[in-house]
Amino acid sequence: MMFKKLVLSLVASIALSFSVSAQKTVVDIAVGSADHTTLVAAVKAADLVTTLQSTGPFTVFAPTNAAFAKLPAGTLEFLLKAENKATLAKILTYHVVAGKFAAGDVVKAINDAKGTLSLKTVSGATLLASLKDGKVILKDEKGGISTVVVADLMAGNGVVHVIDSVVLPN
């Protein structure tokens with residue numbers, strides 16, 4: 001009887017931990033990552049936390065700290081100033097697509113589109129997704145390229161794919 005209670009307790013505990021994990025938002029995933037502190041600071045500065053914690057669903061292409069470091073000197077500091085909030089918000093929402101698209105969905109859609117998939121971002125601009133050496137790459141409106149380096153970080157309100165460069169709209 002004691003063993004049965006222990007097993008039931010363990011199963012309930014595991015189920016609860018999965019339930020709590022599934023309820024994390026795309027913001028919670030970024031907050032929990034040491035590689036995304038710059039992104040989190042930018043999302044806060046642009047007042048997008050509440051939006052990205054909402055129901056969604058969202059597919060977020062999340063640049064790492066190293067991706068932000070690739071920007072020209074002074075760019076990030078400029079964008080984080082209060083008077084540049086609208087520009088920062090436009091750049092950040094360029095990294096978000098409405099809907100929840102796991103890596104397999106993206107790859108299938110790229111193949112169905114004969115190699116290049118046009119993604120309409122929340123900012124209203126377009127990213128082009130394609131495959132290179134088996135990895136999803138994104139081409140921004142300025143011609144910049146970013147590679148998905150980690151895929152399918154699932155959240156309750158979407159999915160996060162980690163990218164190695166900041167993508168920029170026109």
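**View A. Helix α2 gives the largest share of the lining of the largest pocket, 4 residues.** This is a predicted model, and here we look into its largest pocket, which holds about 220 Å³ of space. Besides α2 (26-31), the elements that put two or more residues into this lining are α3 (37-45), α4 (49-52), β1 (58-63) and α7 (85-93).

View B. As for the make-up of the lining, 16 of its residues are nonpolar and 3 are polar, with no charged ones.

**View C. The largest nonpolar core brings together 27 residues.** V26, L39, L48, L52, V60 and L92 have the most contacts inside this core. At least two core residues come from each of α2, α3, β1, α5 (65-69), α6 (75-79) and α7. Apart from this core sits another one, of 15 residues, including A125, V136, L138 and V148. In soluble globular proteins, nonpolar side chains do tend to be buried together.

**View D. Here we zoom in on L92 and what it touches.** Setting aside residues up to four places away in sequence, L92 touches L39, A42, V43, A46 and L48.

**View E. S130 belongs to strand β4 (residues 126-132).** Is S130 buried or exposed? S130 counts as buried because its relative accessibility is 17%, and buried means under 20%. Leaving out neighbours within four places in sequence, S130 is in contact with I110, G115, T116, K135, V136 and I137.

How values were computed. Residues numbered from 1 in each chain as written. Predicted model: local features only at pLDDT ≥ 70, side-chain atom pairs only at ≥ 80, totals over all residues. Heavy atoms only, no water. 1 Å grid on protein atoms, 1.4 Å probe; cavity = no way out; pocket = protein on both sides within 12 Å on 5 of 7 lines; lining within 4 Å. Points joined across faces, edges and corners; volume = space filled by probe spheres on them. Nonpolar A, V, L, I, M, F, W, Y, C, P; charged D, E, K, R; others polar. Core = buried A, V, L, I, M, F, W, Y, C linked by side-chain atoms within 4.5 Å. Buried < 20%, exposed > 50% of the residue type's maximum accessible area, 1.4 Å probe, protein only. Contact = heavy atoms within 4.5 Å.
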